[in-house]
Amino acid sequence: MDVAQIIFYILAAIAVLSGVFVVSSGHLVRSVFMFFVTLFAVAGLYVFALADFVALTQVVIYVGGVLVLLLFAFMLSNKESLDGFGKISSGLLSTNRLAGVIISFAFLFILVMIFSKIDFESLNWIKASQLSGNVKTVTDDTIKNIGVNMMSKYLLPLEMVSILLMMALIGAAHIARKESHE
Amino acid sequence: MNFYLLYFLVAASIFSFIAVFSLLSVYAERKISAFIQDRLGPMEVGKYGLLQTFADILKLIQKEFIVPTVADKVLFTLAPVIIFIAVFLGFVALPWAPNLVPASMNIGVFYVFAIISVEALGILMAGWGSNNKYSLFGAVRSVAQMVSYEIPAGFAIISAVMIAQSLDLQVINYNQGILATQEIKFLGFLEVNQIGGILAWNVFQSPHLIIAYIIYFIASLAECNRAPFDIPEAESELIGGFHTEYTGLRFAFIFLAEYAMMFLVAMFGVTLFLGGWNTPFPNIGSLKLADYTTGIYWGIFWVMGKSLLIVAIQMWIRWTLPRMRVDQLMSLCWKVLTPLAFACLVASGLWRLLLF
């Protein structure tokens, strides 16, 4: 087992364990900070998949944006309403959790089944791209490929996303605006 | 295995550089502030007070770790480490000289930008963990300001990247001097691949980048929480801001991170706009000044010199300008810097389309 593999398993273990902590901890702020560890570990795993741009985007958007937003929302909400969360019954089979439990078990079942049935080494599309030489190596410049595709093949989706963001911005500005009282 | 030993050596040397730089810049900051306020500054410890910062460090190391009883102990202890590591990781991608970069990656610019944003989380952690309303106020102010100023800084960076045509910091460096691999033009018309020097820097390749650099510089001051944007630690209203409760080595780490951040943003700006490790002297006819002053040791000298100059300007501004109010700070960011940064972005695009 080489060093890269050891690092991979360490990152995977951190991601799983911190994810478990996030959902099981009763301490809301610590959960949010632990979520940061999970996201960082997952970003590390993206690097192993040669998706360094995705890894960094994850750090920028989730750590620099979403997590800070979560913390702000948490800090600006009042303490009484947060204490209310502790009083919700937390048994595994209580009515408010039953649906979630069923869905997560079903999802786990699907994942385990796929994992046991498929031989990942001999999938058709992997073999085909290996034969045609359509593979990425560690030293490839992935960012250029992303840029070219964004500006040619995926231009319409990109523009749609930018219009969506624009709408969100205008909406936010409208909500934040001072109402003139007539 | 030697390979991995080298990694540790690089990490250790970056850390020792940050430590030495912080020691010296604390002394420099005191002397500069003393000069500006017509005082002498530290004079007691050693000749001209040169040993003053060593005495400070000794004091900080001896101090007791005090954790407030109602503080969240885990977050309180971890926060200085997170803040420091975020800044420390940023240094990984910055090139020092031709062929001398700790980790060469093709998305270096984006990496530095991403990793700096982690610092905001560390500051929130410190503010919340202290369980002190002044700390929390300081942290919230700090993060609000960092998140807002990331936008003009980001657009200023993108407008430089559009001119440089690469996200690899080392490639950006190469294309601002005599070692350029692509055609570079002074002000867009005079080819300066052989001349190099100050004419080949990004700000002189396309003059609108001077405005972009000024935007970046102002925004970077806000991201380091330096005056005039230091409302997170406004002494008159918030005591020490998010680091009010910290003592001893933990405080030293926050302090170290602040000074390291100053150098990081200065060096990042120098790399993107002011030629990085390239020499300011051009080749004039048979006088090959640029050829003489390019190389590994010269590279380190130039990038250090330029960055230290920028750090000195940061200090000069801190001791000259008064602190801004919160609403002034936000309206400067959103109503002045952001539209200007957008204009720079458009100018960069037009520059690329029309001149190349």
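Trainee: What share of the contacts in chain A with a separation of 6 or more comes from residues 24 or more positions apart?

Mentor: Residues 24 or more positions apart account for 48% of those contacts. A contact here requires that the C-beta atoms of two residues, placed from the backbone, lie within 7 Å. This is a predicted model, in which local features need pLDDT of at least 70, side-chain atom pairs count only at pLDDT 80 or more, and totals for chains, interfaces and linings use all residues. Residues are numbered from 1 along each chain as its sequence is written, while chains are lettered from A and ligands numbered from 1 in the order in which they are written.

Trainee: What is the corresponding value for contacts in chain B between residues at least 6 apart in sequence?

Mentor: In chain B, 76% of such contacts join residues at least 24 apart.

Trainee: Which pattern does chain A follow when read along the sequence?

Mentor: Chain A reads α-α-α-α-α-α-α-α, and its secondary structure comes to 8 helices and 0 strands. Helices (H or I, at least four residues) and strands (E, at least two) are DSSP runs, numbered from the N terminus.

Trainee: Where does UniProt place the feature "transmembrane region" in chain A?

Mentor: The unreviewed UniProt entry places this feature at residues 6–24, 31–49, 55–77, 98–116 and 154–176 of chain A. UniProt positions follow the numbering used here, feature names are shortened, and annotations may be inferred rather than shown by experiment. In the model, residues 6–24 of chain A are 100% helix and 0% strand, with end C-alpha atoms 27 Å apart. Residues 154–176 of chain A are 96% helix and 0% strand, and their end C-alpha atoms lie 33 Å apart.

Trainee: How many residues of chain A and of chain B are in contact with each other?

Mentor: 18 residues of chain A are in contact with 21 residues of chain B. On the chain A side, the elements that give two or more residues are α2 (28–48) and α3 (52–76). α3(A) gives the most, with 11 residues.

Trainee: What classes make up the side of chain A that touches chain B?

Mentor: That side has 14 nonpolar, 1 polar and 3 charged residues. Ala, Val, Leu, Ile, Met, Phe, Trp, Tyr, Cys and Pro count as nonpolar, Asp, Glu, Lys and Arg as charged, and the others, Gly among them, as polar.

Trainee: Why is chain B called as compact as a globular protein of its length?

Mentor: The secondary structure of chain B comes to 14 helices and 2 strands. Its radius of gyration is 21 Å, close to the 21 Å that the globule rule gives for 356 residues, so chain B is as compact as a globular protein of that length. The radius is taken over C-alpha atoms, and the rule is 2.2 Å times the number of residues to the power 0.38.

Trainee: How is chain B divided into domains?

Mentor: Chain B has domain 1 (1–62) and domain 2 (70–355); such bounds come from an automatic or database domain assignment. The C-alpha centres of these two domains of chain B lie 21 Å apart. Their contact takes 17 residues from domain 1 of chain B and 16 residues from domain 2 of chain B. On the domain 1 side, α1 (2–36) and α2 (52–62) of chain B each give two or more residues, and the largest share, 14 residues, comes from α1(B).

Trainee: Why is Gln165(B) called exposed?

Mentor: Gln165(B) has 12 other C-beta atoms within 10 Å, and is therefore exposed. A residue is buried if 20 or more other C-beta atoms lie within 10 Å of its own, exposed if 12 or fewer, and partly exposed in between, with C-beta atoms placed from the backbone. Gln165(B) lies in the loop between α6 and α7 (169–174) of chain B.

Trainee: What makes Asn131(B) partly exposed?

Mentor: Asn131(B) has 16 other C-beta atoms within 10 Å, so the term partly exposed applies. Asn131(B) is found in the loop between α5 (118–129) and α6 (133–164) of chain B. Although not a glycine, Asn131(B) has a positive phi of about 55°.

Trainee: How much of each chain counts as buried?

Mentor: The value is 10% of the 182 residues of chain A and 49% of the 356 residues of chain B.

Trainee: Which residues touch the most other members of the largest nonpolar core?

Mentor: Of the 119 residues in that core, they are Leu121(B), Leu124(B) and Ala156(B). Helix α11 (residues 248–273) of chain B gives the most to this core, with 17 residues. A nonpolar core is a set of buried Ala, Val, Leu, Ile, Met, Phe, Trp, Tyr and Cys residues joined through C-beta atoms within 7 Å. Beyond its neighbours within four places in sequence, Ala156(B) is in contact with residues including Ala212(B), Ile215(B) and Cys344(B).
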